[in-house]
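Please look through the sequence and the model below before reading on.

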Amino acid sequence: MVKLIFHGHACWEVQGATSRILIDPFLTGNPLADVKPADFFDRLDAILISHGHGDHIGDAEEIAKHSGAVLVANHEIATHFKKRGLTTHGLSIGGGHDFPFGRVKLTIAHHGSTGPNGENFGSPAGIILIIDGKRIYHCGDTGIFLDMQLISELNGPFDVCLIPIGDNYTMGIDDAVRACEMIRAKLHVPMHFNTFPVVKVDGNEFVRKVEGKGLKARIVEPGATLDL
Ligand code: NI
Ligand code: MN
């Protein structure tokens, strides 16, 4: 069984049969985070990063340094952290790689990716993780785009789609609902909302509207676990 634990904003912990992975480990400064970086120092296999913004890179460096986890991100982010002494693996959009824990592939995302100190952190991405036979699509930060249909056709069916709904920086609810109609995962889970006032939206409205389209959606609260 694969477990997904939500740590608030866009941060997800994935536990496979023998592996532990973090996606977008923004914990310090994340008011919804239920864990701290040190909770991952003992054992972590990989950190996956969708793009270069501070609310996604988060505590990646500190956690990777202490845990020895491989940091997987686009080429620019991977190169930056490799120079800082971390173990990294760079991918580019459309490329995937088979790691011991599973397969990671980057998709397009329409957003920015400049680092907190103005670094050129390449193109923003969505992340597909295939682990223990389960298919997870973490959309990253993005507006809606028609290719979501193709991403699903080529890489799905997804067991779960983790999708931003907070508006302002990403899709809002109505665009996200339309995106779900293209992605058609077995379950759609909202993220990137209610962390800060500017991304405050009603997650229940998203769930209701997705279910109104005959698809499944549910909110996973920070600290809660979803079993796949
Ligand atoms: Ni962002
Ligand atoms: Mn963000």
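Glu 61 and Arg 84 form a salt bridge, and their closest N and O atoms are 2.8 Å apart; the term salt bridge is used when a side-chain nitrogen of Lys or Arg is within 4 Å of a carboxyl oxygen of Asp or Glu. Glu 61 belongs to helix α2 (residues 60-67), while Arg 84 sits in the loop between α3 (75-83) and β6 (88-91), so the pair ties together parts that are 23 residues apart in sequence. Helices (H or I, at least four residues) and strands (E, at least two) are DSSP runs, numbered from the N terminus.

Glu 61 is partly exposed, its relative accessible area being 23%; buried means under 20%, exposed over 50%, and partly exposed in between, with a 1.4 Å probe and protein chains only.

## How the model is read

This is a predicted model, in which local features need pLDDT of at least 70 and side-chain atom pairs count only at pLDDT 80 or more, whereas totals for chains, interfaces and linings use all residues. Residues are numbered from 1 along each chain as its sequence is written, chains are lettered from A and ligands numbered from 1 in the order in which they are written, and side-chain values use heavy atoms, with hydrogens and water left out.

Side chains of opposite charge can pair when their charged atoms come close. The count of salt bridges in this model comes to nine, and one of them joins Lys 3 to Asp 227, with 3.1 Å between the closest N and O atoms. Because Lys 3 lies in strand β1 (residues 3-6) and Asp 227 in strand β13 (residues 225-227), this pair ties together parts that are 224 residues apart in sequence. Lys 3 is partly exposed at 31% relative accessible area, and Asp 227 is partly exposed at 44%.

Which residues are linked with Asp 174 in a network of salt bridges? The network holds Glu 205 and Lys 209 together with Asp 174. Between Lys 209 and Asp 174 the closest N and O atoms are 2.8 Å apart, and since Lys 209 lies in helix α6 (residues 203-212) and Asp 174 in helix α5 (residues 173-183), the pair ties together parts that are 35 residues apart in sequence. Lys 209 is partly exposed at 31%, whereas Asp 174 is exposed at 51%.

The axes of α5 and α6, which are lines fitted to C-alpha atoms over the stretch in contact, come within 10 Å and cross at roughly 35°, where angles run from 0 to 180 degrees between N-to-C directions.
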